[in-house]
Amino acid sequence: MTKKQRAAIVMTELEKLYPEVPIPLDHSDPFTLLVAVALSAQTTDKKVNQISPKLFEVAGTPFKMKELEVDEIKYLIKEIGLANTKAKNLKRMSELLVERHNGIIPQTFEELEALPGVGHKTASVVMSQAFGVPAFPVDTHIHRLMIQWKLTSGKNVVETEKDAKKLFPESSWNKLHLQIIFYGREFSPARGNKENDFITKMLFE
């Protein structure tokens with residue numbers, strides 16, 4: 001079976017499983033999505049969703065966020081990993097959004113990635129989910145499953161993203177990356193029982 005054939009099977013099966021895919025991070029607009037994605041680094045989406053309502057109640061816009069002290073932001077997000085660094089980044093990110101963009105979230109990768117705490121993956125999520133621009137954000141689930149399905153050599157997430165973009169049609173990217181994440185969580189966890197990982201079995205047995 002070629003890579004292209006395996007990729008086609010993956011797409012077909014994921015579409016059957018997840019015809020609709022909600023964005024796992026709770027948000028109400030591009031700014032709250034950007035903040036939620038930035039907070040989710042090395043933390044579960046579930047945890048971010050638990051703490052974000054209080055944060056957004058106090059600072060749901062860049063204008064409000066920039067007025068908070070770093071310690072105030074840190075207190076609101078203290079239950080998640082890397083709270084110290086993330087609090088500093090959120091404050092500076094909000095200041096720059098106001099200074100450079102009048103508080104409006106920019107719609108280019110370059111401008112997003114120029115913000116503190118916003119890497120390529122975070123920018124890709126915002127571009128794809130907030131603005132509908134085709135992107136393929138690669139998280140640990142996607143990286144792991146792409147290797148498992150032999151769809152990438154998997155040296156790093158940059159290579160995995162390139163390979164995914166070559167194998168899957170651009171029109172599928174924004175939905176497919178979420179479908180793979182949902183599949184990884186439900187059927188093929190990094191640690192735990194992979195008995196139910198039927199796509200891997202289908203591809204290699």
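Let's start inside helix α5, where you'll find Ile-73; helices here are DSSP runs of H or I with at least four residues, numbered from the N terminus. Ile-73 has 0% relative accessibility, so it counts as buried, a label that means under 20% relative accessible area with a 1.4 Å probe and protein chains only. Keep in mind that this is a predicted model, where local features need pLDDT of at least 70 and side-chain atom pairs count only at pLDDT 80 or more, while totals for chains, interfaces and linings use all residues. Residues are numbered from 1 along each chain as its sequence is written, and side-chain values use heavy atoms, with hydrogens and water left out.

What does Ile-73 touch, not counting residues up to four places away in sequence? The list is Leu-55, Met-65, Leu-68, Ala-87, Leu-90 and Lys-91, with contact meaning heavy atoms within 4.5 Å. Take Leu-55: it is 18 residues from Ile-73 in sequence, and the two C-alpha atoms are 7.6 Å apart.

Leu-55 also turns up in the largest nonpolar core, which has 34 residues; Leu-34, Leu-39, Leu-55, Ile-77 and Leu-112 touch the most other members. A core of this kind is a set of buried Ala, Val, Leu, Ile, Met, Phe, Trp, Tyr and Cys residues joined through side-chain atoms within 4.5 Å. The elements giving it two or more residues are α2, α3 (45-58), α5 (70-76), α6 (83-101) and α8, and α2 supplies the largest share, 8 residues. Elsewhere there is a second, separate core of 24 residues, with Phe-136, Leu-145, Trp-149 and Phe-168 among them.

Back to Leu-39. Setting aside residues up to four places away in sequence, Leu-39 touches Val-48, Ile-51, Leu-55, Ile-77, Ile-80, Lys-86 and Leu-90. Ser-40 sits in the loop between α2 and α3. At 9% relative accessibility, Ser-40 counts as buried, and beyond its neighbours within four places in sequence it contacts Leu-25, Asp-45, Val-48 and Lys-86.

Now for how α2 packs. The axes of α2 (residues 30-39) and α8 (residues 120-131) come within 10 Å and cross at roughly 150 degrees, so the two helices are roughly antiparallel, the term for angles over 145 degrees. Axes are lines fitted to C-alpha atoms over the stretch in contact, with angles running from 0 to 180 degrees between N-to-C directions. On the α2 side the contact is made by Pro-30, Leu-33, Leu-34, Val-37 and Ala-38, and on the α8 side by Thr-122, Val-125, Val-126, Gln-129, Ala-130 and Phe-131.

Terms used: Angles under 35 degrees count as roughly parallel, over 145 as roughly antiparallel, 65 to 115 as roughly perpendicular and the rest as oblique. Buried means under 20% relative accessible area, exposed over 50%, partly exposed in between (1.4 Å probe, protein chains only).
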